[in-house]
Amino acid sequence: MAGMKTASGDYIDSSWELRVFVGEEDPEAESVTLRVTGESHIGGVLLKIVEQINRKQDWSDHAIWWEQKRQWLLQTHWTLDKYGILADARLFFGPQHRPVILRLPNRRALRLRASFSQPLFQAVAAICRLLSIRHPEELSLLRAPEKKEKKKKEKEPEEELYDLSKVVLAGGVAPAVFRGMPAHFSDSAQTEACYHMLSRPQPPPDPLLLQRLPRPSSLSDKTQLHSRWLDSSRCLMQQGIKAGDVLWLRFKYYSFFDLDPKTDPVRLTQLYEQARWDLLLEEIDCTEEEMMVFAALQYHINKLSQSGEVGEPAGTDPGLDDLDAALSNLEVKLEGSAPTDVLDSLTTIPELKDYLRIFRPRKLTLKGYRQHWVVFKETTLSYYKSQDECTGPGAGGVQLSLSLAVVPDVNVSGQKFCIKLLVPSPEGMSEIYLRCQDEQQYARWMAGCRLASKGRTMADSSYASEVQAILAFLSLQRTGGGGPGNHPQGPDASAEGLNPYGLVAPRFQRKFKAKQLTPRILEAHQNVAQLSLAEAQLRFIQAWQSLPDFGISYVMVRFKGSRKDEILGIANNRLIRIDLAVGDVVKTWRFSNMRQWNVNWDIRQVAIEFDEHINVAFSCVSASCRIVHEYIGGYIFLSTRERARGEELDEDLFLQLTGGHEAF
Amino acid sequence: MGESSEDIDQMFSTLLGEMDLLTQSLGVDTLPPPDPNPPRAEFNYSVGFKDLNESLNALEDQDLEALMADLVADISEAEQRTIQAQKESSQNQYHSASLQASNFSGAAPLGHGTNVAATGISQYEDDLPPPPADPVLDLPLPPPPPEPLSQEEEEAQAKADKIKLALEKLKEAKVKKLVVKVHMDDNSTKSLMVDERQLARDVLDNLFEKTHCDCNVDWCLYEIYPELQIERFFEDHENVVEVLSDWTRDTENKVLFLQKEEKYAVFKNPQNFYLDNRGKKESKETNEKMNAKNKESLLEESFCGTSIIVPELEGALYLKEDGKKSWKRRYFLLRASGIYYVPKGKTKTSRDLACFIQFENVNIYYGTQHKMKYKAPTDYCFVLKHPQIQKESQYIKYLCCDDARTLNQWVMGIRIAKYGKTLYDNYQRAVAKAGLASRWTNLGTVNAAAPAQPSTGPINGTASPMTDAPRAAAQRHAETSKDKKPALGNHHDPAAPRAPHAPKSSLPPPPPVRKSSDTSGSPATPPKAKGTGGGGFPSPPDDFLPPPPPPPPLEDPELPPPPAEFMEPPPDFVPPPPPSCAGNGGLELPPPPPPPPAPAPDSARPSPAVAKRPPMPPKRHENPGTPGGAGGGEQDFMSDLMKALQKKRGNVS
């Protein structure tokens, strides 16, 4: 026992005084002084500290942080000597878990307690478990970018801060599901709201905000982000993060394993959000056509999540459609009618008939729209000069099978409700314009044409919802897109309607007027209108993954022997050397051909050897070579995952692949 | 309530009875009444044909008779199946059915006289005959009303079931069928009946049965438009009748049955599509010799992720200008969402690209001899058009490539973008079919193993792992450890001792050696395979026998192991080294991992000598690894068989 004294008060053992501050790295904090020897164990010291503080409190999360060495003293059986602690050591006795504010992929802020003492890899895994995101190895934390102090006058509106800092997860066990969410979220209304925030897509951002947010204008801008990744083999404390700091949680490795809409609502949503923001902020480029699809999906997803229609919409299974229709038909018909009628009713298909104005552009004709009696049955559109004329099938009329109509091209503006049909025929495409009188008529015919173009008839149960969707979109256009002079143009005018500008990247805002954008989004929407929320999100993610530039993290490097900076793109299967100025791919190396890589930490150089004696070496400019190293190792780690192993993680392997530059 | 439900039931019964009658009277595609299960129906159907194969072959030029015979066969089959009691009552109907059938075949020549393939096609969508008279009570009625147990749900369930049954029968009765004349590669033709639900795959299977060909994956249905001089293969998942119904009545289009190696070229040599470094000669050479495992991982990466990867493809192509015979050179790019081009004066960044075409409603065709027809710069043309367009039109897009390689890349790339994972699924089905077929031939007659087989050999080799789960897993495992090796490599780390975590380095999944010895030790492995697995590959395996008839074991073609190549870096060659040890730069040799079987530590010993060497190069390593692996647990039945065959051959010769 340390602290034996003689009668005169001199210490006779080799004990000395150790001062320990209580609290989180605050020099003003209260401190306790203990009498210890070099042989004292950390565990004993902890005990003494608690005794001295003499306060009833749960100290179990507390541990000692050694400030000079930037190290936690977590091995309770080690002695002070073994750690090399002397009397001058500045030690802090504080909690290992501290609150931080996480900026999620959906840009919402969430306060929770993160481990400051475990390697970041484990800390992220714990966070993800709390948020119920599987495969935490794909995510990591970034430092928040430094706020530019110059414009303080524009006080940012207080944003809602979700709080999960009081939620504690029982270790080890997979969180049980309760009321459709992991049990730990169902404790209070507050946490429940938090789960909804996590698992449901956010509404589209305000277009003005979108324009204000910083966007990368060049490749070198895109490298900035990647300099902020935290080191996953060290703990937050070691990386200078303090309690209450803002950190970004993002998917870091673009290799999403086993994405399952059923088990991954939060993961899927957050991934969708990250993809969406990537596109909206032009972190990744896409073409106009692709943007329209993305916008349509966003519109659709938003609509579903607003209406709370999280489950599958009806009508996904055509077989069941038939069955439902048949059942209801039968029930109606069974009241004493003959069997033949039953047979008939099973195959009866609703039809549309009306006077519409039709225009068929032909060479050398100047004729405009002409009134015709139009009958739309099954997937065939027939038109006649008048209603009387349509006596027999095809009598005097023209029939068009829409079974494979290309695009019912929409052209809606003001009170002009036209449907442009491109009908394929052996000779080529024929164009036909149908002009309807009002919204209702338009919606019915349009819905019919759309279904027909997919080979379905109006008996399909999705017909009604299709009509509704079209009406909804029309009203959207009136409010958001600014009808002819009804509303002032501009985003502010859209109170209840949706602004198409919130769905596309700002450069399309500059390129198109809202009313140009809306019909194009509508057109793209028809292909996705049947998707459920999860399917739509998945589709969005897939389309994002299909972009050629998907999943490339850029860092600025200087290749050995080169005089100028270049960009190194790191993707999940390859490294890409990119010309900084032009953006052209100079060379690609695949990880599968890689033999080894080395990092020389002294000269900050990464050297990679590929098959056939190809050697590449570069030094890192925009980010530390630790980040490049970790990216490469991380991707190789991810490629070792197997379905069979489930969600167990070989953490040591990960740390080996990504760490190794420092003793820990 | 009770009464009305009884009514309902009765009505169902009558309805069902009628359906049964109807289907039977149609005579084709008859179902055993209790089990209206489409796939099985197809099976029955093809069985019907099989019996007639001989006669069909004999009567090839008189296909109609053959078809007729088919029909009759079907009917008689149905006859057998029906219950005795029924027979009497419904004999009249059978009679009329056969009448119907003969009527039909009598009408058919009209369609066929004009060398028209599928079109003229007697297309008999049978109208439902008027419902027969009511008293058909002795028909096998559906289960009696569930009244005794009557809970509402159960009733509803039963009701739903019956309606489903009724609907299916209804559909059955309305199935549309075409008689398609297929041109074989030997200039003969065969006619076969294709029903509305059959996919190209089904038709191919059908043809396989009729022709006794080797069933390899290259066989395809091929459509040719003589007028437009374009052609393409049916994708296996395409509905044949649907495609053919786009043809006009007087069309000269033809359906062919032939082998095209382009069909699944991407799955045989993915590197040619995914790793092609445009035009660099050196890459071409390296591409050729990619080994099976790398191919597989490349495929897996490209086709098995959340979304498929469309090969990066861009370059200058010639585009035929609308309505003119002039061709304009433009820079095109392939993306998953369509083909784009770079407008004049713009760069090829995403934001500048202009969309040329999207794939939703177009099919891709090869153009033949467009140099002549349209004055194309070369004969390597491809064409995009809506499937319904059959004549020259401004809506048809003609593109022309510089060489055949580029053409194939574009066509394949577009197919991948258009069909996505379906293409891969098709391929796997085709492989399964081919594998099954070759297994059958092997089983059947030793001699019939036939010279055609070797061509399927390599295909099986690359493919079967994908269908064979454990094996795939094993391979992936092997790769896993491969991937790790570079990682464990020596990060020069002057300052930090690796002590704290070094011991852990034994934890990562064991080096391949452990695996292979594991598998070779596994009881399931045939003794012979064990020999190869443990004993080491250098001893020239029997694969080196001259290639004749029986196909060599699966992997061989992919791993020609010229010893020279193996031997050159001796240290690497140390058979099953635990690369992780070597990888650690010899800093410390981790204690032999707990579970490894005996051989491992032994073979580990040599490696410290080469400790400073980088870890085993993955490639070198795989080569030895695979034969061992193949010899080990991954052996499947087929390769066993082949080996046995081979041995036999060897003995004989």
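**Entry 1. The nonpolar cores.** I looked up the largest nonpolar core and found that it has 121 residues, with Leu112(A), Leu131(A), Leu141(A), Trp544(A), Leu568(A) and Phe618(A) making the most contacts inside it. This core draws at least three residues from each of domain 1 (16-95) and domain 3 (553-657) of chain A. I noted that the domain bounds come from an automatic or database domain assignment. A nonpolar core is a set of buried Ala, Val, Leu, Ile, Met, Phe, Trp, Tyr and Cys residues joined through side-chain atoms within 4.5 Å. Buried means under 20% relative accessible area, exposed means over 50%, and partly exposed lies in between (1.4 Å probe, protein chains only).

I then recorded a second, separate core of 48 residues, which includes Val217(B), Phe356(B), Val411(B) and Leu423(B).

**Entry 2. Conventions.** I noted that this is a predicted model, in which local features need pLDDT of at least 70 and side-chain atom pairs count only at pLDDT 80 or more, while totals for chains, interfaces and linings use all residues. Residues are numbered from 1 along each chain as its sequence is written, chains are lettered from A and ligands numbered from 1 in the order in which they are written, and side-chain values use heavy atoms, with hydrogens and water left out.

**Entry 3. Around Leu131(A).** Which residues does Leu131(A) touch, not counting those up to four places away in sequence? I listed Leu104(A), Leu110(A), Leu112(A), Leu164(A), Phe185(A), Leu198(A), Leu249(A) and Val266(A). A contact means heavy atoms within 4.5 Å.

**Entry 4. The two chains.** I recorded 17 helices and 26 strands in chain A, and 26 helices and 12 strands in chain B. Helices (H or I, at least four residues) and strands (E, at least two) are DSSP runs, numbered from the N terminus. Of the 664 residues of chain A, 53% count as buried; of the 653 residues of chain B, 53% count as buried. In chain A, 60% of the contacts between residues at least 6 apart in sequence join residues at least 24 apart. In chain B, residues 24 or more positions apart account for 70% of the contacts with a separation of 6 or more. The accessible surface of chain A comes to about 29,800 Å², and 50% of it belongs to carbon and sulfur atoms. For chain B I noted about 29,200 Å², of which 57% belongs to carbon and sulfur atoms. These areas come from the Shrake-Rupley method with a 1.4 Å probe; for residues, only the protein chains shown count as cover.

**Entry 5. Helices α8(A) and α14(A).** Helix α8 (residues 288-306) of chain A packs with α14(A) at an angle of about 75 degrees, their axes 8 Å apart. The axes are lines fitted to C-alpha atoms, for helices over the stretch in contact, and angles run from 0 to 180 degrees between N-to-C directions. The two helices, α8(A) and α14(A), are therefore roughly perpendicular to each other. Angles under 35 degrees count as roughly parallel, over 145 as roughly antiparallel, 65 to 115 as roughly perpendicular and the rest as oblique. On the side of α8(A), the residues that meet α14(A) include Met292(A), Ala296(A), Tyr299(A) and Lys303(A). Their partners in α14(A) are Leu517(A), Arg520(A), Ile521(A), Ala524(A) and His525(A).

I also looked up Gln516(A), which lies in α14 (residues 514-525) of chain A. Is Gln516(A) buried or partly exposed? Gln516(A) is partly exposed, with a relative accessible area of 40%.

Entry 6. Gln537(A) lies in helix α15 (residues 533-545) of chain A and counts as buried, at 3% relative accessibility. Leaving aside neighbours within four places in sequence, Gln537(A) is in contact with Pro201(A), Leu268(A), Thr269(A), Tyr272(A) and Ile301(A).

**Entry 7. Loop residues.** Most residues other than glycine have a negative phi. Arg604(A) has a positive phi, near 50 degrees. Arg604(A) lies in the loop between β24 (594-600) and β25 (605-610) of chain A and is partly exposed, at 37% relative accessibility. Lys375(B) has a positive phi, near 60 degrees. Lys375(B) lies in the loop between α13 (370-374) and β11 (381-385) of chain B and is exposed, with a relative accessible area of 59%.
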